[in-house]
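Hi everyone, thanks for coming. Please get the sequence and the structure up on your screens, and we'll walk through a few places together.

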Amino acid sequence: MDTRFVKTAEVQSLLDKAAGLDQPSGDSRLKAIFRDLVEACAEIIVRHDISEDEFWSAVNFLQKGAPEFGLLVPGLGLEHFLDLFMDAKDAEVGLTGGTPRTIEGPLYVAGAPLEEGDVNLTKDPDETGSLYMRGRVTGPDGEPVKDAVLHVWHANSQGWYSHFDPTREQTPFNNRARIKLGPDGKYSFHSKMPNGYSVPVGGATDTLMKAIGRHGHRPAHVHFFIEAPGYRKLTTQINFGDDPHAADDFAFATRDGLLPVPQRQGDTAYINFDFQLQRATGGADEHLSSRPRAEAA
């Protein structure tokens, strides 16, 4: 059937009522978004002739997969799309340059210890080598960024993040810290090296990836937020450039400029990486988004 069916008066009336357009109360922006979302779903049902069985199978998948929505969103490219959209909006108003943004992922935890100097992120023993990472945080003219705070977090060698580890064996804030930088903008930290990992086997994300012929692997990587007065906050991460999945990240976090190749000596890896921030155009630019994030109990 042609998708023009969705434009019939009966269906359009249904969509208007479902979105509350015939009611005086409610959030008008949310109504408009909800109206477009439901209409898009209706058009997909018609375009692909989705059966009742297929529809309710999808609903069941979403219900069961709800705990993995934080993985499904990057895996389906939606989180990367938001980065591309924000990049495009920046370009429209002439905001270019600086270290590329990339996805945050679902595994940040607020409240990590605030430390200074050369920080040891790892509190627990781990069967992997050591990572040493250092560099500078500068502004658009190469000036050192003063009073910056660098948030850093990564998984252990088994691919588990502290506070989300199903084994419950990791110390709180293992492989996590906030690092207060000095006036020279330099940072350094070391840790037990993260490895690449896969989404949970048999989970919703793994099931969907296999169904569409994709994998659920991430390369070894390290996440960052950087905040500093007068500069736009940066959400980014680096993927190890020599990892087999460096250019084939299921979460689409790989971006040009974010693929340093570690210098390896035995079981130790060294990465030198500099971050460049853009200047803030308003106070809101300096702070993290209001995305809901985990907090330590």
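In which sense do strand 2 and strand 6 pair, and over how many bridges? Before I answer, please keep in mind that this is a predicted model. Now find strand 6, residues 176-180: strand 2 pairs with strand 6 in the parallel sense, over three bridges. If you'd like one spot to look at, Glu 115 sits opposite Ile 179 of strand 6. As a reminder, strands in a sheet pair through backbone hydrogen bonds, and the pairing can be parallel or antiparallel.

Five strands make up an open sheet, in the order 2-6-5-10-11, and the pairing is mixed. Which strands are at the edges? They are strand 2 (114-116) and strand 11 (234-239), each of which pairs on one side only. Ignoring direction, neighbouring strands in this sheet are turned by 30 degrees against each other on average.

Next, the aromatic rings. How many aromatic pairs does a search of the whole structure find? The search gives 12. One of the pairs is Tyr 132 with Tyr 270, a stacked pair with 5.5 Å centre to centre and 20 degrees between the planes. Tyr 132 belongs to strand 4 (residues 130-138) and Tyr 270 to strand 13 (residues 268-272), so this pair ties together parts that lie 138 residues apart in sequence. Tyr 132 is partly exposed, at 32% relative accessibility, and Tyr 270 is partly exposed too, at 34%.

Here is another pair: Phe 189 and Phe 224. Their ring centres are 6.3 Å apart and their planes are at 50 degrees, so we call this pair tilted. Phe 189 is in strand 7 (residues 186-192) and Phe 224 is in strand 10 (residues 221-227), so the pair links parts that are 35 residues apart in sequence. Are these two residues buried or exposed? Both Phe 189 and Phe 224 are buried. They also belong to one aromatic cluster, together with Tyr 187, Phe 273 and Phe 275.

Last stop: the surface. Val 73, Leu 76, Leu 78 and Ile 212 form a nonpolar patch there, and together they have about 340 Å² of accessible area. Where is Ile 212? Look in the loop between helix 6 (204-211) and strand 9 (217-218). Ile 212 has 47% relative accessibility, so this residue counts as partly exposed.

How values were computed. Residues numbered from 1 in each chain as written. Predicted model: local features only at pLDDT ≥ 70, side-chain atom pairs only at ≥ 80, totals over all residues. Heavy atoms only, no water. Patch = residues over 30% accessible without salt bridge, like charges linked within 9 Å, V, L, I, M, F, W, Y side chains within 5 Å. Areas by Shrake-Rupley, 256 points an atom, 1.4 Å probe, with all protein chains shown as cover. Salt bridge = Lys/Arg side-chain N within 4 Å of Asp/Glu carboxyl O. Helix = DSSP H or I, 4+ residues; strand = E, 2+ residues; numbered from the N terminus. Buried < 20%, exposed > 50% of the residue type's maximum accessible area, 1.4 Å probe, protein only. Phe/Tyr/Trp six-rings, centres within 6.5 Å; stacked < 30°, edge-to-face > 60°. Pairing = 2+ DSSP bridges. Axes fitted to C-alpha atoms, helices over the stretch in contact; angles between N-to-C directions.
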